[in-house]
Amino acid sequence: MGASQTRTRHKYYDLSEKTGFSLEQINNLHERFLHLSENEDTLSRENLNRLPDLANNPLRKQIVEAFFDKRNQHQEEAGFFQEIGFEQFLVVMSHFRPPKTKMSDEDKQALRKEKFRFLFNMHDTDNDGTITLEEYREVVEKLLSESGAIEEQAVKRIADAAMLEVASTNVPHMAPDEFYEGITFEHFEQILKGFEMESRMHIRFLDGGTRMRCRKPTTGSSS
């Protein structure tokens, strides 16, 4: 039993180096993982879909899919997992970790870019490296129709207007008959360059558990 505990601790040290979480945070997240997976070694979409915190989130599907997106595992591989283990779960959760009190400017920029990439992948649902206008419209419509107070046609008009603004910002000299293919990651970074991401996308540890909070930024006009 002592040898098993030693191996576990060594593994936690490795995971700490890989994700930036402390050993205590990793232990808390492991308990959370086991609770979500019902003590199984892997986690499924069904497990995450039962999370009360996501029940009323209009972007629940995108958030759940982010956990199974291979692009979010710090590797150059596209596609999706059917189920994930604890290490994969932890790597995804590391995208929500808050910035450390003392960080170099280089590390801050790297963390910011990592969070932007994670959000970009959430929007880029077909995994092709571009947020198409159809994908963008779907996100905007979900966010605007959450309360049910806006009529469907009004939501579509607002979404289309927002998409036109995004296109004009990224390709200001686009010809009338030119087709805008969509938002690249470079465009995405430029659109959100003034957005303070570090404090809006993080996890909190409460009473030995974890709670995830992801305030989702939208591009385009809010007026």
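Modeller: Happy to! Let's start with the lining: α6 gives the most to the lining of the largest pocket, with six residues. Helices here are DSSP runs of H or I with at least four residues, strands are E runs of at least two, and both are numbered from the N terminus. This is a predicted model, so local features need pLDDT of at least 70 and side-chain atom pairs pLDDT 80 or more, while totals for chains, interfaces and linings use all residues. Residues are numbered from 1 along each chain as its sequence is written, and side-chain values use heavy atoms, without hydrogens and water.

A pocket is an open set of points on a 1 Å grid over the protein atoms alone, where a 1.4 Å probe fits, with protein on both sides within 12 Å along at least five of seven lines; lining residues have an atom within 4 Å of a point. The largest one has a volume of about 350 Å³, the space filled by probe spheres set on points joined across faces, edges and corners. Its lining counts 18 residues, with Arg71, Gln75, Glu76, Arg117 and Asn121 nearest the centre. By type, the lining has four nonpolar, seven polar and seven charged residues; Asp, Glu, Lys and Arg count as charged, Ala, Val, Leu, Ile, Met, Phe, Trp, Tyr, Cys and Pro as nonpolar, and the others, Gly among them, as polar.
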